[in-house]
Amino acid sequence: MTLTTPETGARRAPADDPVLEIRNLSVDYGYDDDPVHVLRDVSLTLGRGEVLGLAGESGCGKSTLAYAATRLLPPPGLITGGEVLFTGRDGRKTDILRLDDQSLRESRWQDLAIVFQGAMNSLSPVYRIGRQIADGILAHRPGMSKADAMARAAEMLELVGISPDRLRSYPHQLSGGMRQRVMIAMALALEPQVLIMDEPTTALDVVMQRQIVEQIAELRDRLGFSVIFITHDVSLLIEIADRIAIMYAGEIVEDAASLDVYQRPRHPYSSALLHSFPPLRGPRRELTGIPGSPPDLAKLGGGCHFRDRCAFAWDACAALAPRLTAPDVADDDPRRTTACLRHEPERVAAAGFEAKPVPAELAG
Amino acid sequence: MTSLRIPGPDRPDAPTGAPGDVVLQAVDLRKHFKLKGLGSRDVVHAVDDVNFELRRGRVLALVGESGSGKSTIARLLAQLMPLTGGSIRLHGEDAAVRNRRSFRRYVGRVQMIFQDPFGSLNPVHPVRHILTRSIRIHRGRLRGAELEEALVELLDRVQLKPAERYIEKYPHELSGGQRQRVAIARALAADPEVLLADEPISMLDVSIRLGILNLLQDLRDRLHIAILYITHDIASARYFADRTMVMYAGRIVESGDSESVTQDPKHPYTQLLVRSAPDPDDLEARARGARGEAPSLVKPPSGCRFNPRCPFATDLCRTEVPPLISVGDEREAACWGYSDRPDRPVLAPAGRGAERIETEGGAA
């Protein structure tokens, strides 16, 4: 059940067999003449069987990215460009953003399921949980009998470690951790290939968080689905995710294998994020935190959006917008990318600025 | 120390002692909530037999999972609800409030900060009104320049500088961290000796949390306020608190200085808690197969309340409540394993490598 150790083969090359490819996705908030560009040309690939972590401060677009990719974005969110390619088990590719209503309805839950933030409150308080799970199954399997759907619901509950006699319980009779697991059972009922989890453990205490995370890991190994795990807790991601994408101000600033992010962060923001958690173990280290707060997305200028809070910014950062490129560090995993001008000396020099080397803190 | 003790009622009854002096004492604190229902005699045993002391210029952390009674203790100490048993002592004298006037006097010395800065500030009033009201209640009717000076000093104290920028703002115009700072400023307006901070950072963004903790640390060091820091995040207790108390199902199970409680936990529950926290440095040595949930507090397990989940539990643990037993320098743990009774349970060594095996036997 070890997820993150390379020996288990969990580190599959993400690009080889993608199940979900987000390409140049852009999202605006607001319909007026002056919308806020919340996501700008975000590209992300999820490999089959992979657990991808999405981390960043609140308001950086993590949830927006997940909801836009599933077309669940509530107004005034508007997808203005890009495509989201889903590859089915038979190898057929469909663009989720261009599905008609009927096929979208069929695709949801079946291909791609989502466990919402605050899932503890996503269950209806007036129906028994068995019926809530069975309802979802029946909507997608019209031919199925109610009894069969109930049996399937019982099976799902067992899968997440809840006794099937709880089928007749109401949500208020379950603890927070159990309700969260009921939500996971519902999401997995139709054997989706992609499971998106938006802060699934934030409201739980650590012991329960550990149980849920282990359960997801175990189910992933057994059923072989892929997971996008959204959280702000980077240390948790390092344990469960194969790969981590760090977002800042609506853009991905670093995308690398999870241990690489932890041990060898290449972007100043990833490094700062890692240093804002007090460690429970090891020597007490000085915590730096991140000065300032995330930028107002309505007032973004050019250049790097992190520069005001960055210890390594210089005049080039105000003029040039960094691109996601391979880090300028020898012997790095060639698949990892980061968006920082320190890793793009040629471009900086070509634009007429003094090229600065990668600081030692980000090249270790 | 630039004092906040500008105008305001003199307090001959408030001795200003040296750091380390006991300010507020909880003695055999007990709170049972009656369950609703006709003829129902069941009670929720939210807090039982809790003893501790808050000292000048020291931070005491209270750690536990949700539902363990942490917040109930904060509310009892703030005298927001009556005690079922035990007493609260302020400078050694019984501080039970009997009427409105004695309550006002009490809250002038013991202030509380709530978890949710979005809910604890009235959205229809600007910062000026929120703080002025608190100043007027606790320091008498200040006016004009005097009031202005007090407001600026308060905002300065919580590092909202320059004060003009924030004073006319409404809560919705502030970020979460700024709002929490205003809530802290409001508490400081009373010039309290004790601050009860109920999960002050758990609703805030990761990058802001550190700032709030550092602010509280600054208040402790400069104003010598005694702080009760309630959290479910034991890592932040290690970073911020001088002493840590661990609570389980309404009882204190372990206490000691923060560093030893987190690095060398004695009680099996604390051990489970510490091992459950994500640890990116050592992906192998973590709690596996930890199962079970906190018990019902309506009919708590007899004996040690952790016994259904404890891998070492014996008949002794199931019948008799363990007292807090001294387990080292100013450290206590409520576990029979540390007693000298012949029928005591045998605890496995608390070395980190051996721990994984222990929990696998722990079934609920």
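**Close-up views of a predicted model**

Among contacts in chain B between residues at least 6 apart in sequence, 68% join residues at least 24 apart. The legends below describe a predicted model.

**View 1. Chain B as a whole, with the segment that a UniProt record annotates.** Chain B contains 12 helices and 12 strands, and 49% of its 364 residues count as buried. An unreviewed UniProt entry lists residues 24-274 of chain B under "domain: ABC transporter".

**View 2. The open sheet of chain B.** Eight strands are listed here in their order across the sheet, S6-S7-S8-S3-S9-S10-S12-S11 of chain B, and the pairing is mixed. At the edges are strand S6 (110-113) and strand S11 (325-328) of chain B, each of which pairs on one side only. On average, neighbouring strands of this sheet are turned by 25 degrees against each other, when direction is ignored. Strands of a sheet pair through backbone hydrogen bonds, and they may do so in a parallel or an antiparallel way. In chain B, strand S7 (residues 194-198) and strand S8 (residues 226-231) run parallel and are joined by 5 bridges; within this pair, Ala197(B) stands opposite Tyr229(B) in S8(B).

**View 3. Helix H6 of chain B, packed on the sheet.** Helix H6 (residues 176-188) of chain B touches S6 and S7 of chain B, and its direction makes about 170 degrees with that of S6(B). The 13 residues of H6(B) reach 18 Å from the first C-alpha to the last, close to the 18 Å expected at 1.5 Å a residue. How many residues of H6(B) are buried? The helix is mostly covered, with 12 of its 13 residues buried, including Gly177(B), Arg181(B), Ile184(B) and Leu188(B). The cover over the buried residues of H6(B) includes the strands S6 and S7 together with helix H3 (127-139), helix H4 (144-157) and helix H7 (206-223) of chain B.

**View 4. Backbone details in chain B.** Most residues other than glycine have a negative phi, and most peptide bonds are trans. Asp28(B), which lies in strand S1 (residues 22-34) of chain B, has a positive phi near 50 degrees although this residue is not a glycine. Is Asp28(B) buried or exposed? Asp28(B) counts as exposed because it has 12 C-beta neighbours inside 10 Å, and a residue with 12 or fewer is classed in this way. The loop between H4 and H5 of chain B holds Gln159(B), whose phi is also positive, at about 60 degrees. With 15 other C-beta atoms within 10 Å, Gln159(B) is partly exposed.

View 5. Pro75(A) and Pro76(A) are joined by a cis peptide bond with omega about 10 degrees, and Pro76(A) is placed in the loop between helix H1 (62-69) and strand S4 (77-87) of chain A. The average pLDDT of chain A is 85, and 95% of the residues score at least 70. Over residues 1-14 of chain A, however, pLDDT stays under 50, although the model has 27 contacts beyond four places in sequence for this segment. Where pLDDT is low, the predicted coordinates should not be read in detail.

Terms used. Residues are numbered from 1 along each chain as its sequence is written. Chains are lettered from A and ligands numbered from 1 in the order in which they are written. This is a predicted model: local features need pLDDT of at least 70, side-chain atom pairs count only at pLDDT 80 or more; totals for chains, interfaces and linings use all residues. UniProt positions are given in the numbering used here, feature names are shortened, and annotations may be inferred rather than shown by experiment. pLDDT is the predictor's confidence in each residue, from 0 to 100. Two residues are in contact if their C-beta atoms, placed from the backbone, lie within 7 Å. Two strands pair if DSSP finds at least two bridges between them. Helices (H or I, at least four residues) and strands (E, at least two) are DSSP runs, numbered from the N terminus. Axes are lines fitted to C-alpha atoms, for helices over the stretch in contact, and angles run from 0 to 180 degrees between N-to-C directions. The expected span of a helix is 1.5 Å times one less than its number of residues. A residue is buried if 20 or more other C-beta atoms lie within 10 Å of its own, exposed if 12 or fewer, and partly exposed in between; C-beta atoms are placed from the backbone.
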